[in-house]
Amino acid sequence: MFGGGGGGMNPRKMKQMMNQMGIDLTEIDANEVIIRTDEEEYVFDDAEVQKMDAQGQATYQVVGEPDVRPLDADAIEAGDASAGEDSDEADEADEEAAIPESDIEIVAGRTGVTAEEAREALEATDGDLAAAVERLE
């Protein structure tokens with residue numbers, strides 16, 4: 001259907017077509033990727049990661065076999081409690097980590113502001129992308 005033989009489409013031709021559609025594909029040399037849900041985490045060691053930029057949106061593709069681990073809520077809470085005197089610094093780090101870096105990139109890219117301004121707008125709108133963009137425009 002997409003050429004002859006069973007080999008699929010020519011990679012060079014595929015890249016050329018993606019460039020024509022305004023899609024930029026970048027390989028990311030990742031050592032580890034972790035996807036954390038409420039109940040478990042998926043840990044990909046030596047995963048193949050690609051970032052695809054299309055029309056101002058970034059999409060990440062992770063290829064590999066994850067090690068699925070259940071999350072232990074007691075251990076997570078104990079880890080937060082062990083912060084001790086550094087808890088103010090930990091709270092600040094948690095507050096900054098609450099806004100995903102990808103959301104900051106999206107808002108900054110759409111509005112042309114710095115990453116710090118995009119972060120502040122996202123924090124002010126409780127992470128609402130549309131409201132942050134609207135606030136900055």
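User: At what angle do the axes of helix H4 and H5 cross?

Analyst: Helices are DSSP runs of H or I with at least four residues, numbered from the N terminus. Axes are lines fitted to C-alpha atoms over the stretch in contact, and angles run from 0 to 180 degrees between N-to-C directions. In this predicted model, local features need pLDDT of at least 70, side-chain atom pairs count only at pLDDT 80 or more, and totals for chains, interfaces and linings use all residues. Residues are numbered from 1 along each chain as its sequence is written, and side-chain values use heavy atoms, without hydrogens and water. The axes of H4 (residues 101-111) and H5 cross at roughly 110 degrees and come within 8 Å. H4 is therefore roughly perpendicular to H5 (65 to 115 degrees).

User: Which residues of H5 are buried?

Analyst: Buried means under 20% relative accessible area, with a 1.4 Å probe and protein chains only. In H5 these are Ala118, Arg119, Ala121 and Leu122. Seen down the axis of H5, they fall within an arc of 165 degrees, so they line one face of the helix; the arc is that of the directions from the helix axis to the C-beta atoms.

User: With which side chain does the side chain of Arg119 make a polar contact?

Analyst: A polar contact is a pair of N or O atoms within 3.5 Å; within protein, one must be able to donate a hydrogen and the other to accept it, and residues adjacent in sequence count only if both atoms are side-chain atoms. The partner of Arg119 is the side chain of Glu101, at 3.5 Å. Arg119 lies in H5 (residues 115-124) and has a relative accessible area of 13%.

How values were computed: Helix = DSSP H or I, 4+ residues; strand = E, 2+ residues; numbered from the N terminus. Buried < 20%, exposed > 50% of the residue type's maximum accessible area, 1.4 Å probe, protein only. Parallel < 35°, antiparallel > 145°, perpendicular 65-115°, else oblique.
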